[in-house]
Amino acid sequence: MSEIYTSTASGPDSGTARERSRLSFDLDVDICVVGAGLAGLTVGLEAARLGASVAVLEGRHVGWGASGHQLGTVMPGFGLPVGDLIARIGFEDTRELWALSKQGAEFVRANASEQLIPGIAISEGALEVSNVDAGDQLISRLQMLAEDFETEVEGWQVERVRDHLRTDRYFHGVYFPRAFQIDGRKYVHGLAALARRAGARIFEDTPVVSIDSSGIRKRIVTPSARLRASHIVLAGNVHLGAPLRRLSETLLPVWRYAAITAPLGERLAETIAFKGSVTDTDGIDHFRIVDGDRLMWASPETTWDARPTRFASAIARRIRTVFPRLGPVEIAEVWGGAVGETVHGMPQIGQLRKGLWVASGFGRQGLNTTAMAGQLIARSILWGDERWRLFSPFELVWAGGSTGRVAGHVIGMWGRGSAAAAGALARYRERVRKQERIREARLAEANRQAGTRPPRPRPQPGRPRPERARPDRARPEGSPPPAVANPGGSEGAS
Ligand SMILES: Cc1cc2nc3c(=O)[nH]c(=O)nc-3n(C[C@H](O)[C@H](O)[C@H](O)COP(=O)(O)OP(=O)(O)OC[C@H]3O[C@@H](n4cnc5c(N)ncnc54)[C@H](O)[C@@H]3O)c2cc1C
């Protein structure tokens, strides 16, 4: 058995082994995508599948950026904790965004099949472990994810976590049985192959040096060709540069480094019995076993570009700190990539002006979120699906200075767009609240007549959550069954 992992080596489908095609002639397309990372390729694939003519322009080669260096863990949600999201945009919109993020993960699952991408080596389950003993917080997180966000989760008591991970560093855990992992590098090249098969044209060694997005037909300039397109999608992450420098400046580049150990033999299985991905709640460590007895581990971060090999010994030390019983570990390979972090922690997905789109800022959780962005943008362009507007409250904020500083003219347009969208959302929420009040009055009356109590209120941002019953699957294993708070009440039936 040989599980494949995200390797930095050149595979047969990587940009180095395959002859790259550079754009050297002028072209007219419906959609021009800048950047062939996960975001750009997913937009390209989805748009081509929906029948658009698509050109993806990549300055280096497919997967050159973070996308070719990720660990392949696919989880629901965003980098921003769900509680913060609720505080920022309210409960209902958070639920919608969460559902979209789950759809993004399902998109990856559907495309990362052995049939579509041979050797993708999908495996199930991810465990999020806590660095502190905070069982209470775990229970409320489980409740929220399971009940409010319809996500399959299981609580693990400290003993169970430590049965699977022999260290006293971790306490409780949240197990996501529907999360999964794939060979991340194979996935990005597989996406490119699927996009080509669907009709998208991908040109490498083709940096976009400028764009003119003012007309209906937009102009894109590369060193040896010009394109015209009705839509431009900027998916260049922190590297975008010249085409819209102010957009790049809304992202804080964070370089994350990862390594793979030499084979560790029996001692690895004796120390780590969990087969899926492990992340900690502080976002420090992220690891899993690959190839039977090797450990793949992402840990240190810098805000400057450094040679990844410099971090080999730091990663080895970190592994030993967390798992002292492993003893010394030898690092076989180290790599790194720049992720783009936004000031507010949410991805940038939306339309800057008519026909000019942005898909970036996916941070450390890019697999499900880029998939979601690709679907949202392609469907908006081709089908008029407007759900990308759920991202409008997350403005483009300059990442180089104090929070809230807005970066220039184009960004200002986004700001105005988002203010309008925020207004529309506020009005929408107001309508929903009114309907909810009517529904609650009706329900209270029905309950009064039936002799039952009203349903639990929806949590409001910033307010403590009410005590409530919770299903067994969301209860930490071994803990006593919860008291039923509302035995006769109906759950939201109208
Ligand atoms: C070590 C590490 C581990 C990670 N592990 C995971 C994980 O397990 N799960 C997960 O969900 N996420 C993970 N991530 C995060 C994930 O990799 C990123 O969020 C995601 O890859 C971002 O994709 P992107 O397409 O936005 O950017 P990129 O991959 O950076 O792609 C942008 C592309 O645009 C091109 N480009 C830029 N400007 C231009 C231009 N002007 N003209 C032409 N081309 C241009 C660049 O060359 C680049 O190829 C990890 C990241 C790192 C670094």
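Leu127 stands opposite Val278 in strand S12. That pair belongs to the contact between S4 and S12 (residues 277–280), two parallel strands joined by four bridges. The model is predicted, with a mean pLDDT of 83 for the protein and 77% of its residues at 70 or more.

**Confidence**

- Residues 1–16 have pLDDT under 50 throughout, and the model gives this stretch 41 contacts beyond four places in sequence.
- Residues 462–494 also stay under 50 in pLDDT, with 54 contacts beyond four places in sequence.

**Strand pairing**

- S4 (residues 123–129) also pairs with S6 (residues 173–181), in this case antiparallel and through six bridges.
- S11 and S15 run antiparallel and are joined by ten bridges.
- Val254 is placed opposite Val339 of S15.
- Eight of the eleven residues of S15 are buried, so that strand is mostly covered.

**Ligand shell**

- The ligand is surrounded by 42 residues, and the closest of them are Gly35, Gly37, Gly65, Gly236 and Gly366.
- By residue class, the shell holds 18 nonpolar, 20 polar and four charged residues.
- At least two shell residues come from each of these elements: helix H1 (38–49), strand S11 (252–261), strand S15 (331–341) and helix H10 (367–383).
- H1 supplies the largest share of the shell, three residues.
- The antiparallel partners S11 and S15 are therefore both among the elements that supply at least two shell residues each.

**Nonpolar core**

- The largest nonpolar core comprises 130 residues, and Cys32, Val233 and Ile377 have the most contacts inside it.
- H10 gives the most to this core, with eight residues.
- H10 also supplies at least two residues of the shell around the ligand.
- Beyond its neighbours within four places in sequence, Cys32 is in contact with Ala55, Leu57, Ile220, Leu227, Ala229 and Ile232.
- In soluble globular proteins, nonpolar side chains tend to be buried together.

**Loop between H3 and S4**

- Ala112 lies in the loop between helix H3 (91–111) and S4.
- Ala112 is buried because 25 other C-beta atoms lie within 10 Å, where the cut-off for burial is 20 or more.
- Tyr187 is 75 residues from Ala112 along the chain, and their C-alpha atoms are separated by 6.7 Å.
- Ala121 is in the loop between H3 and S4.
- The phi angle of Ala121 is near 55 degrees, a positive value in a residue other than glycine.
- With 20 other C-beta atoms within 10 Å, Ala121 counts as buried, since 20 or more is the requirement.

**Loop between H4 and S5**

- Glu150 is located in the loop between helix H4 (135–148) and strand S5 (154–156).
- Glu150 has phi near 45 degrees, a positive value in a residue other than glycine.
- Glu150 counts as exposed because it has 12 C-beta neighbours inside 10 Å, and the class of exposed residues takes 12 or fewer.
- Buried or exposed, which applies to Ala121 and which to Glu150? Ala121 is buried, whereas Glu150 is exposed.

Note on methods: Residues are numbered from 1 along each chain as its sequence is written. This is a predicted model: local features need pLDDT of at least 70, side-chain atom pairs count only at pLDDT 80 or more; totals for chains, interfaces and linings use all residues. A residue is near a molecule or strand if its C-beta atom, placed from the backbone, lies within 6 Å of it. Ala, Val, Leu, Ile, Met, Phe, Trp, Tyr, Cys and Pro count as nonpolar, Asp, Glu, Lys and Arg as charged, and the others, Gly among them, as polar. pLDDT is the predictor's confidence in each residue, from 0 to 100. Two residues are in contact if their C-beta atoms, placed from the backbone, lie within 7 Å. Two strands pair if DSSP finds at least two bridges between them. A nonpolar core is a set of buried Ala, Val, Leu, Ile, Met, Phe, Trp, Tyr and Cys residues joined through C-beta atoms within 7 Å.
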